[in-house]
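Q: Can we go through the salt bridges in this one? Keep it quick.

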Amino acid sequence: MDTAVLSTEHAQSGAGSKSVLISPSAVDPLWWRSAVIYQIYIRSFADGNGDGTGDLAGVRAHLPYLRDLGVDAIWFTPWYPSPLADGGYDVEDYFSIHPSFGDLAEAEALIREALALGIRTIIDVVPNHISDQHPWFKAALASPPGSPERERFWFRPGQGDNGSEMPNHWVSNFQGDTWTRTTNPDGTPGEWYLHLFTPEQPDLNWNNADVRKMHEDVLRFWFDRGVAGVRIDSAALLIKDPELSEIPDDVKPGEHPNTDRDEVHDVYRSWRAIADSYEGTRVLVGEVWLPDTERFAKYLRPDEMHTAFNFDFMARPWDASELRDSIDSMLAAHAPVGAPSTWVLSNHDVTRPVTRYGRSDTSFAFATKRFNTPTDRALGTRRARAAALLSAALPGSLYVYQGDELGLPEAEDIPPELRQDPMYFRSDGIDPGRDGCRVPLPWSGTLPPFGFEPEGATTVPWLPQPEDWAAFTVEAEAGDSSSMLSLYRTALSIRRSHPSLGDGTLTWIDSDPGVLAFSRGLGFVSVTNLSDKAVDLPSHVRLLLASSTLENGLLPSDSTAWLRTQH
Ligand code: NOJ
């Protein structure tokens with residue numbers, strides 16, 4: 001396709017400006033350092049054909065909404081053919097589009113149309129595992145032990161009598177076992193294969209040349225079609241200790257048998273070389289869950305990924321010292337490698353902020369998710385508004401998960417028979433799983449499907465929407481200056497036009513305990529009050545934006561204000 005992209009001038013100018021297509025060399029190569037990236041969970045964004053599942057047609061129809069919101073890029077969770085055993089993170093064909101979502105020509109059209117509105121497209125790549133329906137895995141099952149077809153995966157004989165015990169005792173990220181036993185053609189029990197996630201997601205063997213080559217082809221295939229970057233799923237898990245040794249109690253950095261092994265960096269160096277061989281900056285964004293910030297930052301060395309999700313900030317409780325500690329440690333970790341931090345409040349895997357911040361435990365951890373957790377939604381919403389402004393003011397790029405700009409709460413009452421997420425099933429229904437943050441978006445009207453489907457569609461959405469979501473529709477919020485959508489639109493517009501926001505540094509301002517105040521460049525200050533009383537604002541010439549109404553000039557608790565401090 002035509003790789004022409006928009007001039008920086010246009011991209012900065014916001015909604016309604018005239019598109020000017022020019023050569024990529026004139027485009028800001030550092031766009032990704034300050035970008036606002038909107039995550040599209042395609043099954044739930046908008047349904048264009050009325051089959052109950054979101055699709056590319058639905059996204060194309062709503063591109064002007066995303067332009068008006070003020071985002072620089074969209075990131076699609078996997079859009080490939082897939083049995084959807086794990087929401088598309090079980091890929092059957094990396095070079096095509098799931099028929100429920102559209103086809104390749106439509107994806108190309110979408111990439112072009114988005115770019116014409118100043119929006120780049122980032123796609124998800126899933127290198128650690130593949131679908132069990134992929135031809136490679138089917139061929140492996142049909143081939144004998146030791147065959148080249150099995151070498152692309154981790155097949156092993158079992159331990160114990162007749163190989164009836166698993167080859168090791170690694171525990172799945174989705175709870176439960178990481179090994180499944182195969183059946184030989186004659187019906188006898190055969191080898192086992194490794195899957196760090198579900199049995200439908202066999203792990204690939206990254207020591208195998210076919211595996212490396214196919215993923216390099218995947219990158220080129222999509223970069224050739226104009227995508228501006230890739231989000232790399234489970235990026236720290238690719239390389240395994242070939243011995244598949246048990247996990248020691250006291251594991252040293254780099255010595256874990258399946259996570260963050262040093263050899264993984266060679267993979268990303270080769271991917272960076274591919275990305276850098278394209279015009280315009282094509283970015284690598286890693287999903288890297290690592291508690292050790294120094295190990296995390298190694299992925300962001302100048303010849304590896306551009307950025308990675310900052311999950312530390314997302315997981316911290318709504319507490320000033322915790323958040324300050326996270327901000328300081330993440331900025332310090334990024335500084336030596338020269339990479340910008342990212343700021344992420346949620347995604348398709350975690351509890352919606354409006355719900356999370358309204359609970360007595362406001363931190364996030366997969367292990368502690370439970371049904372029937374008491375939630376003060378008004379308080380959560382107030383804090384989520386404050387968190388939105390806080391995160392948008394911090395130095396680096398910003399991710400917004402679809403629906404957070406509407407303040408959607410977690411949908412907690414999905415009937416058991418309609419739930420889809422393997423995390424729910426593999427915990428025997430103890431962990432509510434991730435369906436509650438994946439419910440189809442409400443666009444308009446007062447009853448489900450709230451404009452998610454076209455007029456007259458007879459199929460219901462793939463996950464049910466709560467009946468009481470009328471107040472959360474785009475239509476309802478667009479006309480309400482006090483809505484979450486209005487807050488996001490104003491915040492992103494200020495962020496885009498303000499020279500000090502996005503990439504850069506911050507300077508902390510002395511403030512009361514419980515308050516996070518910092519300046520960005522000359523003239524911009526952000527103040528977040530996490531204490532339980534209203535506080536004075538630093539001297540300023542103008543209030544640019546506040547997440548709640550000031551009380552006699554004071555910033556109330558659980559609120560953020562953005563200030564102009566110079567003429
Ligand atoms: C991380 C993805 O965000 C999640 O949705 C998925 O289940 C796992 N990786 C496995 O691919």
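A: Terms first: helices (H or I, at least four residues) and strands (E, at least two) are DSSP runs, numbered from the N terminus. This is a predicted model: local features need pLDDT of at least 70, side-chain atom pairs count only at pLDDT 80 or more, and totals for chains, interfaces and linings use all residues. Residues are numbered from 1 along each chain as its sequence is written, and side-chain values use heavy atoms, with hydrogens and water left out.

Q: How many salt bridges does the structure hold?
A: 31. A salt bridge here is a side-chain nitrogen of Lys or Arg within 4 Å of a carboxyl oxygen of Asp or Glu.

Q: Where do Arg 324 and Asp 328 lie?
A: Both are in helix H11 (residues 320-334), four residues apart, about one turn of the helix.

Q: What about Glu 412, which residue does it form a salt bridge with?
A: Arg 359, with the closest N and O atoms 2.6 Å apart. That pair links distant parts of the chain, 53 residues apart. Glu 412 sits in the loop between strand S13 (397-401) and helix H14 (422-426). Arg 359 is in the loop between helix H12 (353-356) and helix H13 (377-393).

Q: And is Arg 359 buried or exposed?
A: Buried, at 15%. Glu 412 is partly exposed, at 36%.

Q: Which residues are linked in a network?
A: Asp 86, Asp 349, Asp 421, Arg 434 and Arg 438, through salt bridges.

Methods:
Buried < 20%, exposed > 50% of the residue type's maximum accessible area, 1.4 Å probe, protein only.
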